[in-house]
Amino acid sequence: MSRYAWAEPGVYPAAAGVHRIVCPLPNDGLKAVNVYAIEDGDGLALVDTGWRDDGILGALTAGLEQLGSSIERLTTIICTHSHYDHYGLSALLSERSGAPVLLGEWERKNLSVALDRGAFARDRAFQHAQLRAHGASDLADTLAARHFSIERVQARGFARLPDRWLSDGERIELRDRTLVAHLTPGHSRGHLMFLDESARVLFAGDHVLPHITPSIGFEGFSDGHGLEAFLSSLRASRELPADVVLPGHGPVFADLAQKTIAYSRFAGREGYSVVPPKLSELAIIMGARAWTAHYAWYVHRRAAERAGVPVPVVEAIRDGRRPAAMDRDVAAVYAFCNELLTQKRVSDATLREARAVLGGDRGVVDLVGTLGMYQMVAMMMVVDEFPLPDGVTSELKPL
Ligand SMILES: [Zn+2]
């Protein structure tokens, strides 16, 4: 399996009555877009579309056929946002099927830039001025020299406005399910996620992606607050009641695991694990080392050092040695995790010492939870052969 296994063209089950059709994106770093087909009476409703391109249209047509359906039998076309890989093909699909196209109302400005020649020109001038005003003159000039034209934008399918503008909280009634729109600005100002509350399934668009952080759009007539909007809508979406998250790009993931991981990751904060961050990171790197999980090690050894785990301790763990000198708290957690990982048991003395250092049973339970969760993460990365960033070599030798 590789990191891009999810982008293999085909149709995959995503949730009960929901299918993920993978449409490859030509010349695009994202590799592919997930188009979700939801069973809706005799037809299928779509979430997102890909852009207007023969390959994408071919993959989508084949996917619908494999599901015993066709473009003509689409019932509703729901788009998370107006970017071309999510909205571009909607005009053509709607023309062929008669299905209405639905899009968030805050996407009006973005769409106007793609549809209206005057707005396109005004926005180009606005962007240029903004970049210069913020000291990015070189970038402004580079972009200007590329001569982006509205024709190039429209070639990806932008042809018309949606049939229905959706507002935050609006309900989309399909035959057997209701999707509730959640406004999540940031990646685009009018981005919507759609939650099927009774199935606990979330169509996340590009708001949360499994491998990467979404880009924050420098979009048409930007108000300059995209990142701020993104961070607050990330916080708000953390509470959504979903077990399965269906992203616009990347593999389907289970939010339950994410929430549990978050409990460990935000150690030390109110409502999260009571293990101090330094000791929590110590447990995490010991789990990563035990599984020789290169990426998890790469990320967490830095986090461990930042949280105050001494470098010689990190290096000893890396090399599979017992650290020569440790403070009491580090020594207690090291002994606890080491016994658990290597002997599959913990002696009474070690447990007593861990309890003392972590302030009681709750601390011990949280420590075991952290070690367990991050071993799961490490195992997934080992199975996925998750790659290190370019130019980084692994620090872990086989034990
Ligand atoms: Zn996007």
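Modeller: Let's begin at glycine 135, which is exposed because 9 other C-beta atoms lie within 10 Å. For that word, the cut-off is 12 or fewer other C-beta atoms within 10 Å of a residue's own; buried takes 20 or more, partly exposed is in between, and C-beta atoms are placed from the backbone. Please keep in mind that this is a predicted model, in which local features need pLDDT of at least 70 and side-chain atom pairs count only at pLDDT 80 or more, while totals for chains, interfaces and linings use all residues. Residues are numbered from 1 along each chain as its sequence is written.

Glycine 135 sits in the loop that links helix 5 (117-133) with helix 6 (137-145). Helices (H or I, at least four residues) and strands (E, at least two) are DSSP runs numbered from the N terminus. In the chain there are 15 helices and 13 strands. Between glycine 135 and serine 233 there are 28 Å in space, C-alpha to C-alpha, and they are 98 residues apart in sequence.

Strand 11 and strand 12 (residues 244-247) are parallel and joined by four bridges; two strands pair if DSSP finds at least two bridges between them. Here phenylalanine 203 has leucine 246 of strand 12 as its bridge partner.

Strand 11 also has a neighbour in strand 10 (residues 192-196), to which three bridges join it in an antiparallel arrangement. Leucine 195 is bridged to leucine 202 of strand 11. Four residues lie between the strands of this hairpin, and arginine 200 takes a positive phi near 55°.

So is strand 11 buried or exposed? Five of the five residues of strand 11 (residues 201-205) are buried, so the rest of the structure largely encloses it. In a regular strand, side chains alternate between the two faces of the sheet. In strand 11 both faces are covered, with Val201, Phe203 and Gly205 buried on one side and Leu202 and Ala204 buried on the other. For the chain as a whole, 41% of the 399 residues are buried.

Now let's step back to the wider setting. The chain is divided into domain 1 (5-116 + 152-251) and domain 2 (258-384), with bounds that come from an automatic or database domain assignment. Their C-alpha centres lie 39 Å apart. Along its principal axes, the C-alpha trace of the chain spans about 70 × 55 × 35 Å.

Strand 1 is joined to strand 2 (residues 18-24) by five bridges, and the two run antiparallel. One of the paired residues is glycine 10, whose bridge partner in strand 2 is valine 22.
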